[in-house]
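Here are my notes on this one, point by point. Have the model open while you read.

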Amino acid sequence: MDKKQYRAAEEQQEGEKREAPLDAIEVDNVVKIYKLYDKPKDRLKEAFGFGKKQAHKLHYALNGVSLQIRKGETAGIIGTNGSGKSTLLKIITGVLNPTSGRVRVEGRISALLELGAGFNMEYNGIENVYLNGTMMGFSQKEIDEKLPAILKFADIGDYVNQPVKTYSSGMFVRLAFAVAINIEPEILIVDEALSVGDVFFQAKCYHKFEEFKKLGKTIVFVSHDLSSISKYCDRVFLLNRGTLLGEGSPKEMIDAYKRVLVGQYEFPEKLQGSLPEELQEEAGSGEDRAAGGQDAEGKSGEGTGGLDYGTRQAQIVDFYLTDDVGVRTAAVIKGSIFTLHMRVKFHEHIPAPIFAFSIKNAIGVEITGTNSMIEKAYLESAEAGQVKDITFTQKMNIQGGEYLLSLGVTGYRGDVFEVYHRLYDVLAVTVVSDKDTVGYYDMESRVKVEDVAAEKISGGEQETQLQ
């Protein structure tokens with residue numbers, strides 16, 4: 001290879017490196033273990049070497065978690081309580097150290113992890129702004145310049161001059177978030193904190209998220225609000241009991257999360273050997289539970305091949321839509337009446353089954369839905385061998401566009417919630433419209449515009465002057 005060819009190859013490699021997305025956060029095989037003791041005195045005995053028996057149990061808050069978050073990406077982390085979400089964020093931000101593994105972060109981090117983190121409760125709001133800014137490496141002059149923007153965003157009035165220990169949780173998070181986003185971070189990490197603020201503050205925060213995305217900043221977002229996860233995140237990571245179950249699009253991971261919630265998630269084979277003991281049984285039995293000992297029956301509905309799971313003690317065997325004259329259709333005219341039909345076969349006695357449907361948009365945000373329990377339409381039991389036809393009839397008030405329908409048969413056995421059969425995203429429906437308003441739903445407003453008589457205007461002016 002001559003010098004020209006060598007140089008050309010070198011430039012090509014450099015170009016490929018520049019084009020490849022850079023990771024803002026890299027988590028490599030991170031493990032976090034806590035020792036759990038039944039009694040406080042057991043901790044003391046073990047510390048001083050008393051007793052031959054091990055007094056603690058090991059709890060894996062994180063068990064070999066590896067993930068990469070690219071620069072400019074909005075990444076969501078979801079999972080049940082105790083799945084390790086907050087522990088992972090604390091390790092990324094340096095609040096906690098991992099037991100083993102490695103974390104690499106490229107860029108200035110600003111984190112809103114929990115109420116009280118990084119604040120001195122005895123200081124007032126302004127003093128805490130300077131405290132946090134100094135911890136982030138800003139000079140007093142730089143904080144002076146940022147202070148008006150922080151106070152404007154927080155909008156807590158004269159409370160900024162009061163000790164933060166007197167703040168409500170809403171005021172606290174307003175100030176904390178205002179500081180976090182106005183110190184020009186390259187990576188913003190938020191853990192559930194926005195659920196504390198009122199609806200106006202939440203809207204302002206999500207608007208700021210959109211601004212950050214446009215500026216190419218990285219956002220890591222933990223929330224139980226699945227609609228927000230679906231709307232704002234480019235990619236989602238699913239954690240359960242310290243194990244990373246998967247990553248993918250918001251829609252894929254939210255559907256998987258819903259299966260985790262009802263204990264019907266099928267763990268990938270590559271994970272099963274490394275799962276904590278409490279998950280080994282779930283991993284081995286997930287397929288059997290999903291099959292429920294029943295053979296799948298063909299459905300005559302025009303489905304899209306969506307997610308299909310459940311115990312199959314009751315099974316959805318048919319589903320379709322009809323328009324306002326009873327004709328089967330995949331398109332509904334906005335403002336017209338339509339009916340969702342669902343046929344369910346029961347393989348066992350089911351006390352008070354619940355029949356449900358929901359409608360999502362293309363990115364997975366649930367727009368609307370209902371079930372027979374909410375509607376108080378059916379509260380009886382069903383017996384083995386019975387087949388029931390269920391219909392939901394309603395007016396189509398959703399804006400024009402493409403939507404996906406999900407169906408379900410669930411119920412309670414005592415206090416335990418059971419999923420007998422769920423079909424996610426199995427029916428596609430097109431809403432045909434010649435008038436779309438703002439948002440997802442048309443309130444069918446009636447608009448009236450009238451001229452105001454001159455004598456009314458002059459009379460109103462005179463009345464105002466008299467007052």
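Predicted model: local features only at pLDDT ≥ 70, side-chain atom pairs only at ≥ 80, totals over all residues.

1. Let's start with a helix contact: Val173, Arg174, Phe177 and Ile181 in α6 touch Phe201, Lys204, Cys205, Lys208, Phe209 and Phe212 in α7. Contact here means heavy atoms within 4.5 Å, and helices are DSSP runs (H or I, at least four residues), strands likewise (E, at least two), numbered from the N terminus. By class, seven of the residues in the contact are nonpolar, none polar and three charged; Ala, Val, Leu, Ile, Met, Phe, Trp, Tyr, Cys and Pro count as nonpolar, Asp, Glu, Lys and Arg as charged, and the others, Gly among them, as polar.

2. Numbering starts from 1 along each chain as its sequence is written, and side-chain values use heavy atoms, with hydrogens and water left out.

3. How do the axes of α6 and α7 cross? At roughly 10°, coming within 12 Å, with α6 spanning residues 169–182 and α7 residues 199–214. Axes are lines fitted to C-alpha atoms, for helices over the stretch in contact, with angles from 0 to 180 degrees between N-to-C directions. The two helices are therefore roughly parallel, a label for angles under 35 degrees.

4. Now the rings. Phe153, Phe177, Tyr206, Phe209, Phe221 and Tyr232 make up one aromatic cluster; rings of Phe, Tyr and Trp (its six-membered ring) pair if their centres lie within 6.5 Å, and planes over 60 degrees apart count as edge-to-face, under 30 as stacked and the rest as tilted. The whole structure has 14 aromatic pairs. In one of them, Tyr206 and Phe221 have ring centres 6.2 Å apart and planes at 75°, so that pair is edge-to-face. Tyr206 belongs to helix α7 and Phe221 to strand β7 (residues 218–222), 15 residues apart.

5. Another edge-to-face pair is Phe209 with Tyr232, 6.3 Å centre to centre and 85° between the planes. Phe209 lies in α7 and Tyr232 in helix α8 (residues 226–232), 23 residues apart. Phe209 is buried at 1%, and Tyr232 is buried at 8%.

Terms used:
Parallel < 35°, antiparallel > 145°, perpendicular 65-115°, else oblique. Buried < 20%, exposed > 50% of the residue type's maximum accessible area, 1.4 Å probe, protein only.
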